[in-house]
Each structure stands twice: as structure tokens, then as C-alpha cells.
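Student: Could we take a close look at one part of this protein together?

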Amino acid sequence: MQSHPLDPIDTVDFEQECGVGVSVTPEQIEEAVEAAINRHRPQLLVECYRFNMALLMGEARVVLKRAGGKMIKNEVDMQVLHLLGPKMDADLEKKPKVAKARLEETDWRTAKDVIENGETTD
């Protein structure tokens, strides 16, 4: 209302944008979550429960703006459990961190000298 301070407000358009009278059925939520899971199925099967489930919930939320977040989360949890089965001990472990390759100290100094001086030290 502050971005459009004009007095004649189109109430039909306003109510439509606010979601007045919109109802989301459990079937619609199920279909939206199923579509999101199908898009990410290969990666989900590889990563199992280490996959970022918020990605699935976010995609379902984009399709169903007025759906309750708790209902979407419950549906995602239920469908992922059905797809992957119960969590195993391996799923409860943390992801191993990937070590970044570090330059050796001599390589770092050489790279620093080249950047500062603009010439190589041979």
C-alpha cells in the first residue's frame, strides 16, 4: 500500500495478490514436491540424506506460494523417506571436508615477488 499510495485501490487485484480465497490442497503439495524430487533424483540418490532438502522445499514453495511451510516440509520428509528408506549410520556422519590445495611457501613467495615487482626472479 505504501508503494502505491493512490486512493482508488483495485480491491479484486489487491485480494488476489494477498491470497484471499486461495486454498492449497494436500494433493497439490504432493505433486509439487514430487516434481521437485524428480528433478533432483540422481543427485538425491547419490548423496542420500546429505542432500540439501531446503532446495526441494524452496522449489515446491515457488510453485505453491500460499502453501504452509510445515506442510511442504512434512511432504518432503515423507517422500524422501519413501525414496531412500530409513537413515543409516553412514547418513548421520558429517560430510568430509575437501582440503584445498595450498601453495608451498616458496611458491607463494615467488608469486608474491612477481606480482609486486612485475618481473620474475631467475
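Which residues line the second largest pocket?

Tutor: Happy to! This is a predicted model, in which local features need pLDDT of at least 70 and side-chain atom pairs count only at pLDDT 80 or more, while totals for chains, interfaces and linings use all residues. Residues are numbered from 1 along each chain as its sequence is written, and side-chain values use heavy atoms, with hydrogens and water left out.

Gln16, Glu17, Gly19, Val22 and Val24 line the second largest pocket together with Val63, Leu64, Lys65 and Arg66. A pocket here is an open set of points on a 1 Å grid over the protein atoms alone, where a 1.4 Å probe fits, with protein on both sides within 12 Å along at least five of seven lines; lining residues have an atom within 4 Å of a point. Its volume is about 170 Å³, taken as the space filled by probe spheres set on the points, which are joined across faces, edges and corners. The lining divides into four nonpolar, two polar and three charged residues, with Ala, Val, Leu, Ile, Met, Phe, Trp, Tyr, Cys and Pro counted as nonpolar, Asp, Glu, Lys and Arg as charged, and the others, Gly among them, as polar.

As for the setting, the protein has seven helices and zero strands (DSSP runs, H or I of at least four residues for helices and E of at least two for strands, numbered from the N terminus). Mean pLDDT, the predictor's confidence in each residue from 0 to 100, is 80 for the protein, and 75% of its residues reach 70 or more. Confidence is highest in helix α2 (residues 26-39), at a mean of 94, and lowest in helix α7 (residues 105-117), at 58.
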